[in-house]
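Good morning, and thank you for coming. Today I shall walk through one protein model, with its sequence and structure on the screen.

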Amino acid sequence: MWGIVPAAGRGSRIQPLAFSKELLPVGSRRDDGTERPCAVSEYLLERLILGGADKICFVISPGKSDILEYFGDHYGSAQLAYVVQPDASGLCDAVFRAGTVVGHDEDVIVGLPDTIWFPKVALQALPDADLSFLLFPVERPEFFDAVVLDGDSVREIQVKQPNPTSRWIWGAFKMSATGFRQLHELWHARERRDEYFGTLVNAYIEGGGLGIGVKAGESYVDVGTIDGYRTAMALLADSAGADGRSRLRAGSSSDGARPIPAMENGATA
């Protein structure tokens with residue numbers, strides 16, 4: 001299964017930075033006994049792998065070669081690939097550009113690389129459906145894509161609406177090979193005008209498609225702002241020991257994950 005990491009955004013909310021926002025240091029890790037900063041996107045990569053991804057595709061802009069230099073060709077047990085998104089044209093464009101490496105019969109999981117969430121094994125709760133969303137409760141759902149459910153079925157995604165009727169937002173989603181192809185074809189049929197994945201999903205549901213929402217998430221932080229960065233640091237400190245302490249390393253052996261000892265401040269991915 002492929003994990004897709006859309007990483008072509010400019011990160012304007014947290015500029016100026018001298019590097020890609022996906023490499024923003026958040027927390028730390030121990031590498032051969034030395035404590036080193038941990039890039040925020042490493043938290044997502046670990047969660048994708050725990051969710052079943054054995055290959056991960058970064059979708060990057062032409063100016064983000066530092067991501068390739070940082071991660072190289074593998075992370076833990078997952079092999080890495082890189083696809084270029086020439087312009088920041090939205091999440092749909094980024095996700096479907098990964099179709100150049102995703103095989104015809106391969107499922108995918110998509111997550112956002114500037115977020116940190118718990119529990120880190122939550123993706124394992126997603127079913128083998130054509131489309132399913134990992135949901136998290138938040139205090140300010142108007143800043144995200146709120147998901148309205150009818151039982152377990154997604155009725156509507158309210159994309160950054162001022163007064164959403166749900167406080168549950170999606171933090172990651174999974175598509176079967178069939179679901180990926182259907183949504184890709186629908187996006188093209190709609191002349192690729194959907195920038196947000198939520199508007200495409202609404203059209204998919206209106207056309208008879210089914211999306212499943214799973215309320216398996218507990219905490220979710222967008223690290224793309226200064227306030228979010230501070231909240232993420234506090235969340236990592238508070239979650240020490242809550243999820244276990246194993247971590248994957250960039251550049252570790254490709255035959256499996258390598259555990260990292262617990263850190264003094266408890267900041268683990």
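Let me begin with a definition: a residue is called buried when its relative accessible area is under 20%, exposed when that area is over 50%, and partly exposed in between, using a 1.4 Å probe and protein chains only. The model is predicted, so local features need pLDDT of at least 70 and side-chain atom pairs count only at pLDDT 80 or more, whereas totals for chains, interfaces and linings use all residues. Residues are numbered from 1 along each chain as its sequence is written, and side-chain values use heavy atoms, with hydrogens and water left out.

I turn now to helix α4. Helices (H or I, at least four residues) and strands (E, at least two) are DSSP runs, numbered from the N terminus. In α4, the buried residues are Ala177, Gly179, Phe180, Leu183 and Trp187. Viewed down the axis of α4, they fall within an arc of 165°, so they line one face of the helix; the arc is taken over the directions from the helix axis to the C-beta atoms. On the face turned away from the buried side of α4 we find the exposed residues Glu185 and Ala189.

Just after α4, Glu191 has a positive phi of about 60°.

Against what do the buried residues of α4 pack? Their partners include β1 (2-7), α3 (91-97) and β12 (168-175), where contact means heavy atoms within 4.5 Å.

Six of its six residues are buried, so β1 is largely enclosed by the rest of the structure. Trp2, Ile4 and Pro6 point one way from the strand, while Gly3, Val5 and Ala7 point the other way. Two strands pair if DSSP finds at least two bridges between them. β1 runs parallel to β4 (residues 55-60), joined by six bridges, and Ala7 stands opposite Ile60 in β4. With β7, β1 pairs in the parallel sense over three bridges; there, Ile4 has Val110 as its bridge partner.

Next, the nonpolar cores. Such a core is a set of buried Ala, Val, Leu, Ile, Met, Phe, Trp, Tyr and Cys residues joined through side-chain atoms within 4.5 Å. The largest has 34 residues, and Val95 and Phe96 are among those touching the most other members. Leaving aside residues up to four places away in sequence, Val95 touches Ile4, Val110, Phe173, Met175 and Phe180. Another core, of 32 residues, lies apart from it and includes Val5 and Ile56.

Finally, the aromatic rings. Rings of Phe, Tyr and Trp (its six-membered ring) pair if their centres lie within 6.5 Å; planes under 30 degrees apart count as stacked, over 60 as edge-to-face and the rest as tilted. The whole structure holds 14 aromatic pairs. Phe96 and Trp187 have ring centres 5.4 Å apart and planes at 35°, so this pair is tilted. The pair links helix α3 to helix α4, its members being 91 residues apart. Both Phe96 and Trp187 are buried. Ring pairs also link Phe58, Tyr70, Phe71, Tyr75 and Tyr82 into a cluster.
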